[in-house]
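Open the model in your viewer and keep the selection tool at hand. Each stop below says what to select and what is there.

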Amino acid sequence: MSRLLASVSLFCLCAASARAADLTIHTPSLASVDNFRDVAGTTALLTTTQYDGVMREGVFYRSNALTLNAADLATINTLGLGLVIDLRQPSEIATTPDVMPAGASYLNVNVLAAANLGALTFSSVAESVTYMEDINRELVRNATVRTEFAKVLMALATEDDAALFHCTAGKDRTGWTAAILQMIAGVSDADVMANYMATNDYTAARVAATMAQLTAAYGPGFAAIYEPLLGVKTSYLQAGLDQMVADYGDLDSYLKNGLGLDQATIYVLRGKMVRYHALPGDGTYGDNAAAGSALLQALQDTDLAGDFTAYNYYLQTAIDAGSLGGVQRTVGGQVHADAGAFLLRLPQRVEDAAAAQTRVADLPAGGTRYWFTGFGGYQDNGGGGDAAGSAERNAGGIAGVTHRYGDSIGVDVMVGYEGGKVRAAGGEVRTDAVVLGFGGRYGFGGLGQGLFVAGGMDAAYIDYDSSRDIGGGLGTAGGDTSGFLAGVTAEIGYLMSLAPVSVEPRFGLRLVHLGLDGFTESGSEVALDIDSLEETQVSLIAGLRLALTESRFGAWTLVPVLSFGYEHAFDGAGVTSEGRLLGLAVTQDSAYANRDLFRAGLSFEAMGPGVRVNAGIQGLGGDDSAGVGGNLSVGLTF
């Protein structure tokens, strides 16, 4: 018996033979450790069956005892191993200690310390096979063994670098560990079994040598009885899998209730091992959502994946659920593009609010009007299928002075504030703008009628604060920055009286430039570095003012006014923002992208001795936008 045990031990510890010559694998071939291979596969990478994923090479390796010669040690040192987990008992380790790869830490987890293995004495092949099947059952039903296996999986989950685990022959303890990892990855049952059975190919020469020794020493009958101990059979792994189902029902219950792993650890292991070619919904998303999904997918290749991060937990949950849960629309920072589009229309909002008080036709020569306007509005932008919809709110006030020089020239100066709020794609941006404006008008035949030209300049300092609820447990990202806006308008028009209506058509050009400094969001693992925004927009503008029949009430005159406006952005009014995360760029387009914007309003101008009061409401719309605004102003003439 002692010679028999010595022969079996010789098989378990020996690693002198090369694997089958016709087997091609992705990982290096080690002459001194024949059962070394990547958990990700043998002849090809293993694919997941439930989802569109493939196992990653170079994450986890499996092996028999590390009896590395110098050449193989040099080879394995190129794999970046950070951890070697030795599943053997102390007596095995003492007989054949590991040759450790450079830079790798060592962890011994004696998984069979409390296992009930029985005696190595058999009288038939059937008894040997039953013994090996019982070993695999014991790996599942023994509470202490399960505790030790939980340590192995936790160590693999928390290791940042590649890891290797092994026992003596690399087939039973190692085989069960590899099978569990592959099942966690979602590999098909057939592929799990095929990779388990690959041990017979990798160790064929060594098994043959051991069988020859047993045959020579004890005869072919004796050798045949003990041959089942030297390799693997499908019934061995199946016995463990059947025990797992009998005791726990399925893999998930075994991992959580049998090994005590939590969902986060299971997801970390899967994130380390699997990269998904496509995420749920890919191929159905439009521009912004597609860009967001592409960012989520690319993050699989960063440190956020395969670790205890909110991103990894979210992604693995999304894979299981078959839905990204809307995060594809919120992760890219669309709201920053929408805020840019909103700010570019600031000069138009200021002009509309101040229009009634900057008119100089009804001022006497040399007269001055001091005025104040309060204004506000709301606009909804549908965004279509390419972007999430956005909603804009604004409110503010402007104080100004309008003066008429002689018969043909009028000027105005104003200072004001607008507070804005833009909501889109789970985010909100608040803007505070301090505005300075200057304008003028020249009438070729006087300001009361005929041809005129008008122009104006606006400048604004902008304070910008953002907050984005990304969803999916990924937290809230926020940041702040500042910037400047400048606008120039030039128009030509004609004022004429078609009693009892005054008609004033005009058209011109407006140029607006917005510059926002880049900034870094905080508060989430997927917070973005937002690039600076430099946007210039040139538009054709046109308007028509119809002052209807006036009514007199004592010293007061009331005039209803209809106004119409049109703006055509030559290069489109949409804005694109760009953010970066871990070297990955994501671009997002604004929901507001109207090339053409139409406005129509009704106001009432009340004029009395030295006083001008105006109240108006305006509707506006474009291809996929609609809004309303209003203003109330009062001016005192001196």
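Buried means under 20% relative accessible area, exposed means over 50%, and partly exposed is in between, computed with a 1.4 Å probe on protein chains only. This is a predicted model, in which local features need pLDDT of at least 70, side-chain atom pairs count only at pLDDT 80 or more, and totals for chains, interfaces and linings use all residues. Residues are numbered from 1 along each chain as its sequence is written, and side-chain values use heavy atoms, with hydrogens and water left out.

**Stop 1: a loop serine**

Select Ser408. It sits in the loop between strand E9 (390-405) and strand E10 (409-424). Helices (H or I, at least four residues) and strands (E, at least two) are DSSP runs, numbered from the N terminus. Is Ser408 buried or exposed? Ser408 is buried, because its relative accessible area is 19%. Now show its contacts, meaning heavy atoms within 4.5 Å. Setting aside neighbours within four places in sequence, Ser408 is in contact with Arg441, Tyr442, Gly443, Gly446 and Leu447.

**Stop 2**

Move to Ala425, in the loop between E10 and strand E11 (427-443). Its phi is near 50°, a positive value in a residue other than glycine. Most residues other than glycine have a negative phi, and most peptide bonds are trans. Ala425 counts as buried, because its relative accessibility is 10%.

Leu582 counts as exposed, at 53% relative accessibility.

Then select Ala499 and Pro500. The peptide bond from Ala499 to Pro500 is cis, with omega near 5°. Pro500 lies in the loop between strand E13 (476-498) and strand E14 (501-516).

**Stop 3: the nonpolar cores**

A nonpolar core is a set of buried Ala, Val, Leu, Ile, Met, Phe, Trp, Tyr and Cys residues joined through side-chain atoms within 4.5 Å. In soluble globular proteins, nonpolar side chains tend to be buried together. Select Phe60, Leu156, Tyr254 and Leu255: these have the most contacts inside the largest nonpolar core, which has 125 residues. Another core lies apart from it, with 13 residues, among them Phe36, Ile76, Val84 and Ala162.

Stay on Leu255. What is it in contact with, leaving aside neighbours within four places in sequence? The partners of Leu255 are Leu153, Ile180, Ile184, Gly260, Leu261 and Ile266.

**Stop 4**

Two packed helices are described by the angle between their axes and the distance between the axes. Axes here are lines fitted to C-alpha atoms, for helices over the stretch in contact, and angles run from 0 to 180 degrees between N-to-C directions. Angles under 35 degrees count as roughly parallel, over 145 as roughly antiparallel, 65 to 115 as roughly perpendicular and the rest as oblique.

Select H5 (residues 143-158) and H13 (residues 263-273). Their axes come within 9 Å and cross at roughly 55°. H5 is therefore oblique to H13. Show the side chains: Leu153, Met154, Leu156 and Ala157 of H5 meet Thr265, Val268, Leu269 and Lys272 of H13.

The axes of H13 and H15 come within 9 Å and cross at roughly 85°. That makes H13 roughly perpendicular to H15. On H13, pick Gln263, Ala264, Tyr267, Val268, Arg270 and Gly271; they meet Asn312, Tyr313, Gln316, Thr317, Ile319 and Asp320 in H15.

**Stop 5: helices H7 and H11**

Select H7 (residues 189-197) and H11 (residues 234-248). They pack at an angle of about 130°, with their axes 9 Å apart. H7 and H11 are therefore oblique to each other. Val192, Met193, Tyr196 and Met197 in H7 meet Thr234, Tyr236, Leu237 and Gln238 in H11.

**Stop 6: two last residues**

Select Gly367, in the loop between helix H18 (346-354) and strand E8 (368-381). Gly367 counts as buried, at 3% relative accessibility. Beyond neighbours within four places in sequence, Gly367 is in contact with Thr402, His403, Arg404 and Phe638.

Finish at Asp529, in strand E16 (residues 529-530). Asp529 is partly exposed, with a relative accessible area of 36%. Not counting residues up to four places away in sequence, Asp529 touches Phe519, Thr520, Glu578, Gly579 and Arg580.
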